[in-house]
Amino acid sequence: MATYAIGHVLRRLREYKKLTQEDLSDGICSTVTLSKIENGVQSPRKEHFEALMQRLGYSADNFFCTFYADDEYAAFEKTEELKLAIANFDFPKARGLIAQLEGDRFFAKEFNLQLLLSSKAAVLLHERQDLDQALALLLQALQITIPKFQLDRIGDLFLTHEEIVAINMIAILYYDQGMLEQAIDILLQLKDRLDKTYVDEKEKARTYPMIVYNLTKYLIEAKRFNDALPLCETTRRFCSRNGAVDLLPFIVFNQACCLCEMGNPDPCTELFRQAYYALRLVENYTHANEVRNEVLEKYGINIVSQT
């Protein structure tokens with residue numbers, strides 16, 4: 001796609017959202033740079049274009065392709081490898097990659113540094129080590145692109161994918177430190193913001209199920225079943241519609257837990273079975289066994305078919 005077309009897309013979407021150039025570019029690039037891109041004078045860097053499009057609620061995938069120099073492509077591959085290690089809960093591998101990348105010049109600023117800081121926080125969070133340091137890393141990561149970030153102003157922000165992931169982790173940290181209501185408030189703000197700003201459902205599906213899974217889990221713990229149950233149901237449909245299957249079994253599991261807590265054991269048994277066998281179907285035996293054991297211990301339901 002031509003540079004002019006890319007700039008035209010950005011300007012049209014920005015004006016449709018009623019955003020100024022300052023609103024859209026804040027923390028990503030200068031307003032001068034954005035103006036040059038919109039006017040076809042300058043070609044955007046890939047990470048800048050992706051972040052700008054995400055703030056506008058769209059995926060950049062359909063609008064942009066790029067070529068890398070050899071050293072840039074090597075850094076890109078390491079970035080994708082690190083993201084995959086975190087997504088697969090392979091934290092020993094993530095630790096090794098982080099150690100490699102900390103001295104790499106491509107990971108010393110902006111979006112790559114933001115990813116590196118968030119990944120270090122994810123490892124600390126998983127290992128339950130130094131949660132205060134993990135929180136400090138996440139806030140540092142967010143302030144790279146949102147210099148005036150405040151947890152009580154999430155509803156005012158246009159967020160990128162990495163910013164959403166970092167805020168979600170902050171909510172988990174609050175929960176782990178016993179601050180249930182604060183964690184719920186953060187996730188409610190985040191969910192509501194995505195509902196209002198994301199037009200592209202495929203882009204929204206990259207983070208929305210993760211947010212709702214944590215949110216409904218916390219709502220159930222807070223005994224806010226009437227809030228959790230419809231959210232589980234609507235998110236199940238959203239995941240099915242958009243092929244977001246990774247977290248679908250966990251959303252189903254939360255829905256079943258909610259029904260059990262509300263005194264409706266019959267439908268919840270079938271939902272527990274769906275969650276269990278969906279996890280086994282994708283060979284996620286660890287989580288499948290955790291589901292089976294938790295349901296048996298907590299609710300006295302044996303969800304494994306007897307032959």
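Student: Which residues does D176 touch, not counting residues up to four places away in sequence?

Tutor: D176 touches L125, R128 and L131, where contact means heavy atoms within 4.5 Å. This is a predicted model, in which local features need pLDDT of at least 70 and side-chain atom pairs count only at pLDDT 80 or more, while totals for chains, interfaces and linings use all residues. Residues are numbered from 1 along each chain as its sequence is written, and side-chain values use heavy atoms, with hydrogens and water left out.

Student: Why is D176 called partly exposed?

Tutor: The relative accessibility of D176 is 26%. Buried means under 20% relative accessible area, exposed means over 50%, and partly exposed lies in between (1.4 Å probe, protein chains only). D176 therefore counts as partly exposed. D176 belongs to helix α9, residues 161-176; a helix here is a DSSP run of H or I with at least four residues, numbered from the N terminus.

Student: What makes α8 and α9 roughly antiparallel?

Tutor: The axes of α8 (residues 131-145) and α9 cross at roughly 155° and come within 10 Å. That makes α8 roughly antiparallel to α9, as angles over 145 degrees count as roughly antiparallel, under 35 as roughly parallel, 65 to 115 as roughly perpendicular and the rest as oblique. Such axes are lines fitted to C-alpha atoms over the stretch in contact, and the angles run from 0 to 180 degrees between N-to-C directions.

Student: Which residues of α8 and α9 meet?

Tutor: From α8 come L131, A134, L135, L138, L139, L142 and T145, which meet E163, A166, I167, M169, I170, L173, Y174 and D176 of α9. This contact has 12 nonpolar, one polar and two charged residues. Ala, Val, Leu, Ile, Met, Phe, Trp, Tyr, Cys and Pro count as nonpolar, Asp, Glu, Lys and Arg as charged, and the others, Gly among them, as polar.

Student: How do you know that α15 and α16 are roughly antiparallel?

Tutor: The axes of α15 (residues 265-281) and α16 (residues 285-299) cross at roughly 160° and come within 7 Å. With that angle, α15 and α16 are therefore roughly antiparallel to each other. Their crossing is left-handed, a term used if the near helix is turned anticlockwise from the far one by less than a right angle, clockwise being right-handed.

Student: What residues make the contact of α15 and α16?

Tutor: F272, Y276, L279 and R280 of α15 take part, with Y285, H287, A288, V291, R292, V295 and Y299 of α16. By class, these residues are eight nonpolar, one polar and two charged.

Student: Why is T269 called buried?

Tutor: T269 has a relative accessible area of 16%, so it is buried. T269 lies in α15 and, leaving out residues up to four places away in sequence, touches I301 and I303.

Student: Why does A275 count as buried?

Tutor: The relative accessibility of A275 is 1%, so A275 counts as buried. A275 also lies in α15. Apart from its neighbours within four places in sequence, A275 is in contact with P249, V252 and F253.

Student: What makes S119 buried?

Tutor: S119 has 4% relative accessibility and therefore counts as buried. Its place is in α7, residues 110-127. S119 touches L82, I86 and I98, not counting residues up to four places away in sequence.

Student: Why is α12 described as largely enclosed by the rest of the structure?

Tutor: Of its 14 residues, 12 are buried, so α12 is largely enclosed by the rest of the structure. Among the buried residues are Y208, M210 and L219. The buried residues of α12 pack against α9, α10 (180-197), α11 (201-204), α13 (225-242) and α14. K223, whose phi is positive, near 65°, follows α12.

Student: What makes α14 mostly covered?

Tutor: In α14, 13 of the 14 residues are buried. α14 (residues 248-261) reaches 20 Å from its first C-alpha to its last, close to the 20 Å expected at 1.5 Å a residue. G263 follows α14 and has a positive phi, near 85°.

Technical notes:
Helices (H or I, at least four residues) and strands (E, at least two) are DSSP runs, numbered from the N terminus. The expected span of a helix is 1.5 Å times one less than its number of residues.
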